[in-house]
Amino acid sequence: HAACLSRVLYLVEGGDGMKKQTLVLLWSIVILLLVGGCCGVYIYKKSNEEKNSRGVEVFACMPADIISYTVSGGGSDDSYEIKRDGEGWAFTDDGGAVVDNEKAESLINAASRITALKKISESELKRFKTESGTAEKTFSVKLKNGAEYRTEFLGTHKESCAFRINAADGIYTMNISLRDILTPTKEQLSVVAVFGDIGKIVSFEYSSPGEEDIEIKCETEEEVKVGENAEKKADEKSAMLHYTMIKPYKRAVDAEKFGQLIAVNIPNIKVARFIDSPSKNMKSYGLDESSRSTLTVGAVTKGAADMTEATLYIGKNSGGLVYAQKKGENNVFTVNSAQLDFLGTEPFYLVRADFVSMGAEEIETVTVKTGGENFELSYSGGKYLLNGAEIPAPGFEEIIADIEKISISGEAPKDIENTADIQVEVKGADGKREKTSLAAAGQNSYAVFENGNENAEFTVDRAALDAAVEKLRALSR
C-alpha cells in the first residue's frame with residue numbers, strides 16, 4: 001500500500017496536469033483498499049476461531065475405565081449413583097431397584113466421549129436460561145485411576161444447552177437430546193416391571209380388536225382378596241386355587257397351564273424405553289381407544305389386604321418394540337414384543353381338558369343313559385354295584401378309569417342341537433354333581449352340553465365314550 005501511495009504522489013508532483021478531483025478519487029481508492037484489507041483479515045481470523053470452537057472433544061476416556069456414574073440435581077430427589085458390580089452395574093442405594101445393564105452400558109459409552117457443538121463466552125451464556133426454581137442436572141464419572149470429572153449444565157437456549165466439565169474449564173454447548181441421554185432418571189435406567197411386584201394373580205382379562213376377549217377369574221377370589229391375612233391365605237391355598245374362564249368359554253381353567261402359559265409371563269413384561277416428551281396424539285402409537293389392546297390383571301400383592309387391578313394398554317409394534325401405556329398414567333413406553341407373545345395363547349389350551357372333573361377316588365355314582373338303556377355304577381357298603389347288582393371290583397374300576405381319561409378334543413360346531421344321544425351324571429362323595437348331555441357331532445365326536453348349558457362349547461372323542469358304554473353293556477349281562 002505504501003508503494004502505491006508513493007507512486008501516486010510522484011505522478012501528481014510530476015506535473016502531469018492531473019486535476020484535484022483525480023487526486024481525491026485516488027485517495028478514496030487507497031482508503032477503500034486499506035479498510036477492505038483489514039476487514040478481510042478480521043473475518044478470516046473470526047472464521048477460524050469459530051471453526052476451531054465447533055465439534056470440540058471436551059472429554060474422552062475408555063468406557064471400561066469408568067467405574068462409577070452419578071446423576072444429581074434437576075429439582076427432584078431422583079439422584080443416584082451406579083457402580084460396576086462384576087460384569088454389570090448396580091445402584092449404590094438399597095432401594096431395591098435393579099440396573100438394566102444394557103441401558104447402563106449404552107449410557108457409559110455415551111459419557112466416555114463428549115463432543116461439544118461449540119465453545120461460548122460468558123456473555124453468550126446469558127442467553128441460556130434455567131427453569132424457575134429448578135437446579136440444572138449434573139453428572140459425574142469416576143475413573144479407575146481415581147480421577148473424577150463433573151459435568152454441570154448451565155441452562156438451555158432453543159435446542160441446545162450450555163455446560164462445563166469441572167469449574168475451571170471453558171463453557172460449551174451440546175444438544176438437549178444428548179443431555180437427556182447423559183442424565184436419565186433412575187426409573188429410566190432401571191429394569192422396570194410394568195406390573196411391579198404383582199404377587200398372586202387372581203384375575204386376567206385381555207381384549208384385542210378383532211379377536212375374542214379372554215376373561216379368567218379365581219373361583220376363590222373372595223377368600224383370597226379379603227382380610228388382613230390375604231397374602232397368607234393366598235399362599236396357603238396356592239395349590240387349591242381354582243380358576244374359571246368367563247370368556248370366551250364357561251369352563252374351569254387348568255391351573256397348571258394358566259400358571260405356565262399366562263401367570264409366569266406377566267411379571268416379565270418390562271419397560272424397554274420411555275418415550276421422551278410423548279405426543280398427545282395416542283393414535284400415532286396405536287394407543288387410541290379404537291386401536292389398542294387391553295390387558296387387565298388383578299392380584300393380591302404382598303402385605304395387601306385386598307385385591308388390586310392394573311391395566312396395560314398395548315399399541316402398535318415398531319421394529320420389535322411395542323408401544324404401551326398404563327391406565328391412569330401419562331408415560332408412554334415400549335416393551336419388547338417377545339414379552340407379549342403369551343397373549344396370543346388360544347383360550348382352548350387353557351381350559352381343563354377332562355370330561356369329568358372329579359378324580360376316581362371322589363366318584364361315588366355314575367349314571368349313563370343312552371337309547372333307552374340305563375346304567376348306574378355305584379359303590380356302597382364296600383360293594384361295587386351296577387344297577388343294584390354286585391360286580392367285580394376290577395370291572396368297576398376299569399370303567400371309572402376309562403371315563404376319567406376321556407378329555408375334550410376340540411370346539412363344538414356352532415348352533416349344534418342337543419339331541420341327548422348319551423347322558424352322563426356323576427355324583428361325588430361330598431354331594432357334588434356333574435351332569436352332561438352329549439349329541440353326535442359327525443362320525444368322530446360328541447358335542448358336550450355341560451350342567452344344563454344350552455350351548456355346547458367342546459367335543460369329546462366318540463370312540464372313547466362308545467367304548468365305555470360297551471363295557472357297561474358287557475358288565476350288565
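Colleague: Which strands does helix α9 lie across?

Modeller: Helix α9 (residues 393–405) lies across β19 (363–370), β20 (373–380) and β21 (383–386). Contact here means heavy atoms within 4.5 Å. Helices (H or I, at least four residues) and strands (E, at least two) are DSSP runs, numbered from the N terminus.

Colleague: And at what angle does α9 run to β20?

Modeller: About 110 degrees. Axes are lines fitted to C-alpha atoms, for helices over the stretch in contact, and angles run from 0 to 180 degrees between N-to-C directions.

Colleague: Is this from an experiment or a prediction, and what should I know about the numbers?

Modeller: It's a predicted model, where local features need pLDDT of at least 70 and side-chain atom pairs count only at pLDDT 80 or more, while totals for chains, interfaces and linings use all residues. Residues are numbered from 1 along each chain as its sequence is written, and side-chain values use heavy atoms, with hydrogens and water left out.

Colleague: Back to the strands. What's the order in the sheet with β19?

Modeller: That open sheet has nine strands in the order β22-β21-β20-β19-β24-β25-β26-β27-β23, with antiparallel pairing. Two strands pair if DSSP finds at least two bridges between them.

Colleague: Which strands stand at the edges?

Modeller: β22 (389–390) and β23 (408–411) do; each has a single partner strand, so one side of each is left without a neighbour in the sheet.

Colleague: How many bridges join β24 and β25?

Modeller: Six, between β24 (residues 422–428) and β25 (residues 433–440), in the antiparallel sense. V426 has E434 in β25 as its bridge partner.

Colleague: New topic: which residues of α3 are buried?

Modeller: In helix α3 (residues 101–111), they're K103, A104, L107, I108 and A111. Buried means under 20% relative accessible area, exposed over 50%, and partly exposed in between (1.4 Å probe, protein chains only).

Colleague: Why do they sit on the same side of α3?

Modeller: Because they cover an arc of only 135 degrees around the axis. The arc is that of the directions from the helix axis to the C-beta atoms.

Colleague: What about K119, where is that?

Modeller: K119 is in strand β5 (residues 113–120). K119 is partly exposed, with a relative accessible area of 45%. Its C-alpha atom is separated by 4.3 Å from that of Y172, 53 residues apart along the chain.

Colleague: Last one: how many disulfides?

Modeller: Zero, taking a disulfide as a pair of cysteine sulfur atoms within 2.5 Å. C161 counts as buried at 0% relative accessibility, and C218 is buried with a relative accessible area of 4%.
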